[in-house]
Amino acid sequence: MRGAIVGDIIGSAFIDSPQPAVKFQLLKPFSAYTDDTVLTISTADAILSGKSYKEALKEWTRAYPTAGYQSKFLEWALSNNEDEAYHSSGDGAARRVSPIGYSALSLDEALLEAKKATVVTHKDEAKVQASQALCGTIYLAKTGHNKTTIKEFLIHDMGYKLPDTLTKDCTEKFKQQYQSPVPCAIMAVLNSDSFEESIRRAIWLDGPSNTLGSITGAVAQAYFKHIPKSIIRKSLSRLSDDLDTTLSRFEEKYCSRLIIDKKEIQFNFH
């Protein structure tokens, strides 16, 4: 899960400055966590505590109201009307649901919980599918499945299209169909040989760099099972104590020993 936080922090410095190449300084003095980190932590907290995804989402947003949310979301999160529904048209819940892929004990659980966490704010089928694609990919990656199997699951079993090649305008090409950067973020990992290379490819893409970094980082940690210690240290030192505490608790319970024994899974998505 910390891969998502690292990716968000790295990507935060490039939101308004797309990189022309994959070689750039990963962390700047002003690199910082954004709302993607806070909302990801809220999902982790829901899993750890048994709170509903909605309850945890509101609690953490209220604790960090200046993290960079859309104004309508913040208004909803701060509202005392617990019955009020919120329907977002933003990038999607995929940027916050990655902990589900790590905690799930089965592929079916990953897909079910991804949907439950998503519909709190995003009821569009495309947004639900993006979250399911992400959490399903993380589950398969953490259980030792290779890139070919992951592609097969996404394309043939979920009917989720991936780019044939990773081009700089990938997110724009897929925006209309999927309304989410998930396909390009996953492809950044599938086209890479390490966590760092995955993040560099994600930030190189035109698009929401912190969200691309967060989604890519979550998948890359599950697949490569290694993040350079220097990157972890320089990134996570920027977290507040309570964010870091919840992250550490989740990592200890679900990520300290990523599952590396490949499970035989029969895909029956449809």
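Guide: A cavity is a set of points on a 1 Å grid over the protein atoms alone where a 1.4 Å probe fits but cannot get out, and a lining residue has an atom within 4 Å of a point. The model is a predicted one, in which local features need pLDDT of at least 70 and side-chain atom pairs count only at pLDDT 80 or more, while totals for chains, interfaces and linings use all residues. Residues are numbered from 1 along each chain as its sequence is written, and side-chain values use heavy atoms, with hydrogens and water left out.

By this rule there is one cavity of 30 Å³ or more. The largest cavity has a volume of about 40 Å³, a volume being the space filled by probe spheres set on grid points that are joined across faces, edges and corners. Its lining consists of Ser42, Thr43, Ala46, Tyr53, Leu57, Arg96 and Ala117. Sorted by class, these are four nonpolar, two polar and one charged residues. The classes are nonpolar (Ala, Val, Leu, Ile, Met, Phe, Trp, Tyr, Cys and Pro), charged (Asp, Glu, Lys and Arg) and polar (the others, Gly among them). Helix 2 gives the most to this lining, namely three residues, and both helix 2 and helix 3 supply at least two. Helices here are DSSP runs (H or I, at least four residues), numbered from the N terminus.

A pocket is an open set of points with protein on both sides within 12 Å along at least five of seven lines. The largest pocket holds about 280 Å³ of space. Of the 19 residues that line this pocket, Asp35, Asp36, Gln70, Asp91 and Arg95 lie nearest its centre. The lining of the largest pocket has five nonpolar, nine polar and five charged residues.

Thr216 lies in helix 12, and Thr216 counts as buried because its relative accessibility is 0%. Buried means under 20% relative accessible area, exposed over 50%, and partly exposed in between, with a 1.4 Å probe and protein chains only. Apart from neighbours within four places in sequence, Thr216 is in contact (heavy atoms within 4.5 Å) with Ala185, Ala188, Val189, Ser198, Ile199 and Ala202. Ile199 is also among the contacts of Gly7, together with Asn210, Gly213 and Ser214, again leaving aside neighbours within four places. Gly7 belongs to helix 1, and at 0% relative accessibility Gly7 is buried. Gly7 and Gly213 are 206 residues apart along the chain, yet their C-alpha atoms are separated by 4.0 Å.

The loop between helix 12 and helix 13 contains Lys225. Lys225 has a phi near 60°, a positive value in a residue other than glycine. Most residues other than glycine have a negative phi. With 29% relative accessibility, Lys225 is partly exposed.

Helix 14, residues 241–255, has one side turned inwards. Its buried residues are Leu243, Thr246, Leu247, Phe250, Glu251 and Cys255. They cover an arc of only 135° around the axis, which places them on the same side of helix 14; the arc is that of the directions from the helix axis to the C-beta atoms. Among the elements that cover these buried residues are helix 1 (2–11), helix 2 (35–49), helix 3 (53–63) and helix 12 (209–224). The face turned away from the buried side carries the exposed residues Asp241, Glu252 and Lys253. At 1.5 Å a residue, the 15 residues of helix 14 should span 21 Å, and its end C-alpha atoms are 20 Å apart, which agrees. The expected span is 1.5 Å times one less than the number of residues.

Helix 7, residues 125–142, should span 26 Å with its 18 residues, and its end C-alpha atoms are 26 Å apart, which agrees. Helix 7 is mostly covered, with 17 of its 18 residues buried. After helix 7 comes Gly144, whose phi is positive, near 90°. Finally, Leu107 is in helix 6 (residues 107–118), and at 8% relative accessibility Leu107 counts as buried. The C-alpha atoms of Leu107 and Cys135 are separated by 8.5 Å, although the two are 28 residues apart along the chain.
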